[in-house]
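The following report describes selected local features of a single model. Please read it alongside the sequence and the structure shown here.

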Amino acid sequence: MSKRIIKKVAVLGSGVMGSRIACHFANIGLEVLLLDIVPKDAVADKKSRNKIVNDALAFALKSNPSPIYSKSFANRITTGNFDDKMKEIAGCDWIIEVVVERLDIKKNIFESVEKYRTPGTLITSNTSGIPIHLMNEDRSDDFQKHFCGTHFFNPPRYLKLLEIIPTPKTSPDVVEFLMQYGELYLGKTTVHCKDTPAFIANRIGVYGIMSLFHLVEKMGLSIEEVDKLTGPVLGRPKSATFRTCDVVGLDTLVHVANGVATSCPNVEAKAEFAIPGFIAKMVENKWLGAKTEQGFFKKVKVQGGKSEIHALDLKTLEYKPSVKVKFATLEATKLIDNLHERMKVLISGKDKAGEFYRSMFFGLFAYVSNRIPEISDELYRIDAAMCAGFGWELGPFETWDTLGIANTLKDMEAAGNKPAKWIYDMVSSGATSFYKIENGIRKYYDITSKSYKTIPGTENFILLNNIRGNKTVWKNSGTTLTDIGDGILNLEFHTKMNTIGGEVIGGINSAIDIAEKDFRGLVISNEGANFSAGANVGMIFMMAAEQEWDELNFAIKAFQNAMMRVRYSSIPVVVAPHNMALGGACEMSMHSDKVVAHAETYMGLVEFGVGVIPGGGGTKEFAVRLSDEIKEGDVELNAFRQRFLTIGQAQVSTSAQEAFNLGYLRKGKDMVVVSRSRLLTEAKAECLELAKEGYTKPVHRKDIRVLGKSALGLAYLGADSMKSGGYISEHDVKISQKLAYVLCGGDLSAPTLVSEQYLLDLEREAFLSLCGEKKTLERFQSIIVGGKVLRN
C-alpha cells in the first residue's frame, strides 16, 4: 500500500451520513473535523453559528445502535462551520464531502475546498448516485488526480460496503490506497465501481425491489408473505423487503429508481423501473416509512392502549393487523440449516412460494448477467457489493452457482428471462460454476480471459470455508479442528448458534491435546454469524428439572476444567470472537492467553438474567482480575462494586472497545481488529508470536486476594436496599448474594489469599444451588419455550 498516512480527516456535512461517517473515523483513532453550514438566523457567538453541526453530532451519538465504539471516542471529533473553519482543512489528510445530493451545492463546496486544501491530499464524495466525473469539472489537475467517489452505506459503522468510484482522471495510486485503507483500517468490503448510475449495490438492489413490487402485484401476495419469503430463510436480514423499504424511505427508493430509468432508457429490464400504482399512491399520501411513521407498516393503538404493528393491504391500501404466514415450501426447509441446500428446496417448491422464488431469481440472474460489463467487468464485485451493502449471505452469482447454472438456463428462457450471451459462452467452454476453490484459494470466472482468477486482495486471508476440506485434523459432531499453517490449529464450533455443550467441551480438550503433542498453538474462532451464544441452556434446564444433580455437577465441572485447560495448556491459546460472545463464550475468552476480537464483538456474562451466576469460571475470573487490579484501601470496595454490577446487571458490551471498559478484555494484552476478513489471520499471527517468544505453561494461581466479609456486607446491604425499593425480586436478591459470596471468597473474616480452585468450587456450588430454585427453572423454561437464544 502507498506510504500515505491518514492522521486527520475533514467531513463536510453533518447530516445522517456525515455525522456517522465522522464517528466511524473516530472509531479507528483518527482526529476528525466535522463541518456544516451556519444557520440562517445565527448570531455572532460560536454556539449559535455551530448549532447545526453540534445538534447533528449530538443526535447521532444518542442514536441506537450507536455509531461510535466508545463514548470517549467522540472527543476525537471537532465541530465547526464552513465559514469559520473551512481553512482548517489545510491540515487534513483526507477531505470527504457528505452534503445534500445536489450537484450545484457539491460543486460550490469543492470550489471552497480548493482554496484551502493542501495539494496531494485526498478529496472524495459520499454521493449515492450523482456521476462522480461531473463533480470535479473546472477543478485543478491536482484536485482531479486525488478526487474519487467513496460511497458508504448507512449506518457506516455496521454496513460493510464501501464503494470506490474513480473518474478517468483519478490517479491509480489513489484508487489502490482507498481500496486497501477501507478494508484494512475501516473494516469495509471495498468494491471498485464504474461511474455508472447508482454504481453497483443500489443498481442491483433497487432493481430487485422494483421488480419485486411488480411481482407482488402480479401474484397477489401480501406484505407479510413477501417479508416471510425474503428474509432469513434466504440468508437475508430480518427486515426482509418491506420493512427495509420503510427504513430506507419509499421516496428515496422511488428517487433512485427514477434516476436509473432516466439514465438507462435502453436496458432490457426498463419496464421493471416503472413505478407501480400502489407505490405512487403511497408517495402521494406521504406514507414513506419510518420518517413519516407509516409506510408498508404502521404502529397503531388498539383496545387497552397497547400498540400493534399493522400491515398495509396493497389492494385496498388500508392497514390491517399483521397475520402469520405459512407456505408448504417454507415448512419443508425448517430443519435445513445449510443455506445452499435450503435454496435448492425453495426454488423447487410446487406452491405459490416456489413460483415466487423462480420468478424472482430468474429475473435477478438475467439482470445481473446483463450488467457485465456495464457496471463491472468482474462478477465477484457484484456479489461482494450485495453481500456487504444489503446483508445477503449469498450474492446473485453465488446463489446461481448453488442452484446450478446449466440446470436453470432452460427454465429461465421459458420464463422469458434470457441471460447475457457470455453465460452461454461460459457454459459452452465447459465451465460449470462462477466460483471454485483451488489449493485453499477461492477463484472467480473471468469473462474476458475465460479462465478462473484469484479474487484480488484475498490471497493472504485465512478463510476456513476454503481450506476445511483438505486441512481438517480432527472433528466431532460439534467442532472441527483445522491446520491453518505454521504449526497453528484452529478450532471452530458448528452447533446451533455455536452454543457450548458436551461436544464443544470435548472438542476443546481434544484440540489442546493434539496441539500440545504436534503443534505450536491453537486459535478458537469460526465463520458463523456469531462466535457463540454461550452454554447450552436447554441441557442445563433438563438436568435441573429432572434433579440430576450429580450429572449437572459433573457437566459444570467439565466446563470449568475445559476453561482452565484453555488457561493452563503448554501451548498458547488465542480466542478470536465476533458478534455475540455471551456467557460461556465470554468465559472462554477471559481464560485465553490473548483475545483478538473483531470490533463488532458483543461480549458479556449474562447468566444473571437466566437466574444463575457465571458458572464456567467467569465469576472466579472477575475475582482474579479484581485481585490483580486493586491495592489495599477504600478503592477496593469501589472496584468490587463495579465488577459486581457488571455481572449483576448482565452487562453486554456494544463493541469490543467497550468490553475493555467492562473488564471482559484486558488493556495492554487483548486487541481489536476492525476488518472481519482479517480476524483469523491476525489471531494466527498473534498465536504464532506467543509461540516464538518461548511460551511457557502458566503456574496455577494461589495468590488471589479476596475481600471476605467487608465487601460481602456491602453487597448484601445493596441487594436488600434494591429489593426494598421494588427494583429487584426476592429471587434476584438470592442470586446477588450468591454472586457476592463467590466474588468475596466466602464469609472470610478478613482479606485472604486463596486459589483459583477454591473459587471455582464456590462458583460451582452457587450455580448448582441456584439451578434448584423454582424461579430459575421458570426462567429457563420461558427462554426455551419462547424460542429465545439459548445462552448461558
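## A charged surface patch

Glu551 has its place in helix 24 (residues 549-567), where helices are DSSP runs of H or I with at least four residues, numbered from the N terminus. This is a predicted model, in which local features need pLDDT of at least 70 and side-chain atom pairs count only at pLDDT 80 or more, while totals for chains, interfaces and linings use all residues. Residues are numbered from 1 along each chain as its sequence is written, and side-chain values use heavy atoms, with hydrogens and water left out.

Glu551 counts as partly exposed because its relative accessibility is 42%, the class between buried (under 20% relative accessible area) and exposed (over 50%), with a 1.4 Å probe and protein chains only. On the surface, Glu551 gathers with Glu546, Glu548 and Asp550 in a patch of negative charge; such patches are made of residues with over 30% relative accessible area and no salt bridge, like charges being joined within 9 Å.

Asp383, which lies in helix 17 (residues 379-390), is buried yet has no salt bridge, and the nearest side chain of opposite charge, Arg442, is 5.7 Å away. A salt bridge would require a side-chain nitrogen of Lys or Arg within 4 Å of a carboxyl oxygen of Asp or Glu.

Leaving aside neighbours within four places in sequence, Asp383 is in contact (heavy atoms within 4.5 Å) with Gly395, Pro396, Phe397, Glu398 and Tyr435.

## An enclosed helix

Helix 25 (residues 584-591) is largely enclosed by the rest of the structure, because eight of its eight residues are buried; among them are Cys586, Glu587 and His591.

How values were computed. Helix = DSSP H or I, 4+ residues; strand = E, 2+ residues; numbered from the N terminus. Patch = residues over 30% accessible without salt bridge, like charges linked within 9 Å, V, L, I, M, F, W, Y side chains within 5 Å. Areas by Shrake-Rupley, 256 points an atom, 1.4 Å probe, with all protein chains shown as cover. Lys, Arg positive; Asp, Glu negative; His and termini not counted. Charge placed at Lys NZ, Arg CZ, Asp CG, Glu CD.
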